[in-house]
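Hi everyone, thanks for coming.

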Amino acid sequence: MVELFRNIINIISVAAVPLMFLVFVGWGIVRKVKVYEVFVEGAKDGFHVAIKIIPFLVAMLVAIGIFRASGAMDVVIAVLSPVSSLIGMPPETVPLAILRPLSGSGSMGLMTELMKVHGPDSFIGVLASTMYGSSETTFYVLAVYFGSVGIKNTRHALPAGIIADIFGMLGALFICRIFFGV
Amino acid sequence: MLNYVWMSLIVIGLLVGAGKDISDEVKNTYRNGFPIEATVHVEKTPTALRQTWEGELVIPAESFNRFYGITSAASEIRLPVEMTTLSSGKTTITILINDSSPDFWREMARNSSGSNKLLGTVNSIKFSDDKSVAEVSVVLEKVNYVKLRAITKAALDYADTAVTISLGLIGVMALWLGIVKIAEEAGLLKLLTNLLTPLTSRLFPDIPADHPAVAAMVMNIAANMLGLNNAATPLGLKAMEELNKLNPKLGTATNAMCTFLVINTAGLTLIPATAIAIRAAQGSAEPGIIIGTSIFGAGCATVAGLVSVKILEKLPRYKKELLVDDHSSESSRG
């Protein structure tokens, strides 16, 4: 069942991009759009958007880099460990939960390490990979998406994003304890 | 809120880093100035051409741990070393640090003059009768301000990474924006928008049902679901650009933008490809076992995010920020 679902999704994922190209360009030709000219016209913006993101991403990543390099994560983990043990979260996975919204590559490294130490099919291994798959790198998405249109006042996006992250991690813990719990 | 979070990350980082360095200095965590005893198994003795002794440094784990007051070294330490006697009579030692070195020494090497070696001076050296084994007493070079150095390095490295990431987006951005432009001109986006109006008009009540932003958002969410990260970001940025056309107060996020962002940060995807790939690489018997649990987790995140974004946008403090008054809009355009 899982295998079938996975195969279907896999086929769709592989075929999606070529299919989109075909349908979009094909539809354009049918509707007599000057496809080449229009493509170039649209593609022109790619450069500006990418350049516009730079200051936002520098600000965000440097702050996160300083926080990680200082070892402040250990302090946060020490503060949170009574709470995590109360809800049955293995202490090894607490750093991953905190790092997930901050750094994509950092949390990927942590997840890999947890699997290496505890085994990918152990409870901690399954929980770690589920936690990784249950959220996006909120701070990165925020910097890139809002940066591209010059949004400086992000209003309630960050609190809502963090609430989503917390529930994503709790949801991962809950479902893993039910299916793979020890 | 972002201002406070940003400031906290930096200030907490600097304070914790400085505090750790001061405590290292007071406790002398790296045993600066203290000699460590070791055994060297000599492999090459000096010749006329080569002035160095080469061999293998051996320290039992127990005495290594006792010396540094740690517990992390598990096995006996064996590392290649070179010893050179200078004309002044002083003997220096170079310990080559590799992947099998204890973590503690690797960290020290990262913060010393050579990134993959530790330098030191030999206080005393005592050879066995056949010159094959030597008992040495070594003082390693001084290591200090480890965290502050790491913070400086991280700040510079991450600034570099940010530019690399942004520049790396140019190509895919251009490709997708070009493709989407064709779809737009051909009226395909309009068709897609009309199809999904019942759903999108509920999520984004401020956006006119036939606005191009809706189609871009729908395509972004679809690409995210399929795990097409390369396509999702450009489409998402296209959606942001369209949403910004409806923004009365440039520089401030609208309700629709916040809602759209939260959907993206929750990261709902039907196939968490990265996690599965790493599980497979780590030798999992069932790499795909986390598909269901991840969908559940990200589903929780999406629902919680949407509920909280809709509640938060009604709070007076966030509502207030949407009001356009001439002074604040001027300064935010700044």
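Predicted model: local features only at pLDDT ≥ 70, side-chain atom pairs only at ≥ 80, totals over all residues.

Okay, chain B. Find strand 1, residues 36-44, and strand 2, residues 52-59: these two run antiparallel, and five bridges join them. If you'd like one pair to look for, which residue of strand 2 is the bridge partner of Lys44(B)? That's Glu54(B).

Now go to the next neighbour. Strand 2 of chain B also pairs with strand 3, residues 77-85, again antiparallel, this time over eight bridges. Here, Leu57(B) sits opposite Leu79(B) of strand 3.

Chain B is assigned two domains: domain 1 covers 31-143, and domain 2 covers 169-333. How many Å separate their centres, taken over C-alpha atoms? For domain 1 and domain 2 of chain B, the answer is 56 Å.

Last stop: where the chains meet. Chain A puts 91 residues into the contact, and chain B puts in 98. On the chain A side, the elements giving two or more residues include helix 1 (2-30), helix 4 (72-86) and helix 9 (157-180). The one that gives the most is helix 3 of chain A, with 20 residues. And what is that side of chain A made of, by class? We get 58 nonpolar, 22 polar and eleven charged residues.

Conventions
Residues numbered from 1 in each chain as written. Chains lettered and ligands numbered in written order. Pairing = 2+ DSSP bridges. Helix = DSSP H or I, 4+ residues; strand = E, 2+ residues; numbered from the N terminus. Domains from an automatic or database assignment. Contact = placed C-beta atoms within 7 Å. Nonpolar A, V, L, I, M, F, W, Y, C, P; charged D, E, K, R; others polar.
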